[in-house]
Amino acid sequence: MAEKKNERQPRKVIKFNFNISWLYIILLIGIGWMFFNQGGANPQKEEWADVRKQWLAGDIKEVVFIRNEYEGRVTIKPDRLAAYEESFGGDVPEKSPHFVFLVSGSFNAEEMFGELNAQLPEDEQVKVVIENHESWWGMIDWLIFPLFLILMWVFMFRGMNKNMGGGPGGPGGIFNVGKSTGKLAEKDSIKVTFKDVAGLYGAKDEVMEIVDFLKNPKKYTALGGKIPKGALLVGPPGTGKTLLAKAVAGEANVPFFSISGSDFVEMFVGVGASRVRDLFRQAKEKSPCIVFIDEIDAVGRARSKNGGFSSNDERENTLNQLLTEMDGFGSNSGVIILAATNRADILDKALMRAGRFDRQIHVELPDLKEREEIFNVHLRNLKLADDFDLEFLAKHTPGFSGADIANVCNEAALTAARHDKKAIDKQDFLDAVDRIIGGLERKSKIITPEEKKSIAHHEAGHATVSWLLPHANPLFKVTIVPRGQALGAAWYLPEERQLVTKEQMRDEMCSLIAGRVAEEMVNGQPSTGALNDLERLTKMAYGMVTYYGMSDKIGNISYYDSTGSRGYELTRPYSEKTAELIDKEVKDLINDIHERTRTILSENNEGFLQLASLLLEKEVIFADDLERIFGPRAGAKPGEEIKPDPEEVATEE
């Protein structure tokens with residue numbers, strides 16, 4: 001059947017959003033029209049005596065006299081305008097009036113105009129109009145500018161959108177600068193629950209108890225217990241601290257105030273303390289409720305470590321008010337404070353004590369099982385290939401936070417779309433991991449054959465030593481394709497250890513310096529390509545000597561300051577003689593590592609050179625290539641090695 005052509009289409013509703021800029025534009029146009037629009041005429045001013053001569057000469061057609069302004073407006077006859085061309089500067093106006101004259105209050109217009117017309121023939125007499133002007137324009141002229149200034153002031157300093165905190169001083173403008181900028185989420189408005197938070201087993205157990213406090217307070221108060229006043233979420237960036245706080249609010253089904261620590265700090269003196277008071281006042285009115293302060297280190301930094309040198313620092317005043325509100329003379333029953341930071345070491349001790357933050361909940365990086373659960377959350381809306389292996393992907397992302405995993409999933413989807421694929425496969429995820437860790441491939445970067453050969457030997461040195469040492473991180477692949485700032489890279493799958501022994505650290509240090517040693521053996525001299533390796537090697541060596549007590553001459557001494565109590569103290573906690581001994585121990589340790597690495601490469605020189613040649617040929621090699629050259633990895637357990645599929649190898653090549 002043919003479709004009906006006359007079928008009515010739904011009408012589109014056009015919505016106009018008001019913008020304050022429109023008002024400014026209208027005001028400017030109105031002022032411009034008032035001051036610059038004079039009707040198009042440009043009359044010349046002249047004296048009454050000259051007008052009298054023109055009158056008697058018969059040149060005037062009409063005179064309009066405004067009695068209350070003592071002003072006369074003269075219109076010249078069209079056929080006489082040419083005689084006044086010089087008066088108008090050579091440009092004769094077409095519109096009237098042509099001349100204007102002013103007289104005094106004693107001027108009798110009726111009598112004077114009557115006498116002049118009496119002296120002219122009847123057909124040449126001038127038309128006379130006498131009137132009074134009654135207009136509001138005069139009043140508006142002096143009112144418009146003050147009104148304009150008042151309107152500008154009002155609209156500049158009022159909050160345009162309270163939800164967005166528009167205008168100076170937050171919601172409400174500068175007059176409400178001391179009000180809290182915290183956002184309130186009422187009951188049932190937060191849809192995030194613990195089902196949306198993957199992993200974080202220990203942290204979820206602790207916060208679920210807080211939820212139980214809010215839901216069933218009598219269960220604990222009947223035994224004489226008190227509800228915790230606050231909990232501090234501590235952990236690296238991207239581990240899900242804010243998400244966990246949202247889940248607590250969603251599960252507890254209570255009002256939830258959220259604010260950032262930086263929102264308290266303002267350039268005006270006393271504003272931060274005022275906002276703290278206002279926030280807790282609102283929280284008490286909504287109790288039981290949760291107040292979540294994100295990045296609390298912005299306001300809770302230890303007072304001895306504040307960067308300001310003023311004795312009345314605004315940040316310190318804000319912190320003092322926060323300490324008082326959390327546990328002072330007042331009562332905050334029913335208000336639980338949740339805060340998040342990744343800099344717990346710099347927080348003030350008074351803020352960390354029991355009674356303010358009763359609990360510190362550590363939100364750590366996810367382990368293998370937790371990473372699988374996080375991947376499941378972020379893969380819900382992605383179209384995956386049928387043979388997708390989630391466990392394989394979780395094993396290839398050690399040390400990744402929840403935010404990193406979300407980024408990997410998004411990058412994998414973009415990579416698959418870039419290659420016009422119908423589904424996201426394993427290789428897309430591997431490419432996404434490589435791009436996030438190392439950066440974008442730069443195959444167009446100009447590298448000379450000598451430089452490429454040096455890079456290949458450098459990376460082959462890393463791969464050889466890490467493969468032959470039992471405690472080094474397992475190697476996954478090696479590439480000499482420039483990526484980000486690196487000219488080549490060796491990719492490892494670090495073991496998720498909780499403790500690291502001295503021998504394990506020595507093996508890792510050998511693997512780090514292996515690229516430098518390989519260049520020295522092949523080229524006879526080192527290059528600048530080992531800068532990052534040497535930096536990490538030096539930090540590990542100093543850590544072994546000064547922090548972990550792994551030096552025989554220094555002994556079981558640690559100069560590490562976990563509390564940060566030394567603050568800005570510039571002196572070292574040891575003597576100059578000890579400093580010299582530390583430097584000597586570090587240098588001896590690195591020299592020993594260097595010689596050990598050279599020995600390993602010399603004893604396996606044939607395999608090392610074969611690996612470098614293969615790397616120059618393929619540009620990307622995997623763990624199975626090293627296994628064909630050197631045999632099974634030292635210290636490898638059966639089934640430990642994770643090898644890529646042959647199809648993936650072909651794709652990389």
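Predicted model: local features only at pLDDT ≥ 70, side-chain atom pairs only at ≥ 80, totals over all residues.
Where does Glu 86 lie?

1. Residues are numbered from 1 along each chain as its sequence is written, and side-chain values use heavy atoms, with hydrogens and water left out.

2. Glu 86 lies in the loop between strand S3 (71-76) and strand S4 (99-102), strands being DSSP runs (E) of at least two residues and helices runs (H or I) of at least four. Glu 86 is exposed, at 75% relative accessibility (exposed means over 50% relative accessible area, buried under 20%, partly exposed in between, with a 1.4 Å probe and protein chains only).

3. The structure holds 18 salt bridges, each a side-chain nitrogen of Lys or Arg within 4 Å of a carboxyl oxygen of Asp or Glu. One of them joins Asp 592 to Arg 506 at 2.6 Å, N to O. Because Asp 592 lies in helix H19 (residues 576-603) and Arg 506 in helix H17 (residues 502-523), this pair ties together parts that are 86 residues apart in sequence. Asp 592 is partly exposed at 37% relative accessibility, whereas Arg 506 is buried at 16%.

4. Arg 73 forms a salt bridge with Glu 71, with 2.8 Å between the closest N and O atoms; Arg 73 is partly exposed, at 27% relative accessible area, and Glu 71 is buried, at 17% relative accessibility.

5. Ser 466, placed in helix H16 (residues 449-468), is buried with a relative accessible area of 0%, and its side chain reaches the backbone oxygen of Ala 463 at 3.1 Å.

Definitions and conventions. Polar contact = N/O pair within 3.5 Å; in protein donor to acceptor, adjacent residues only side chain to side chain.
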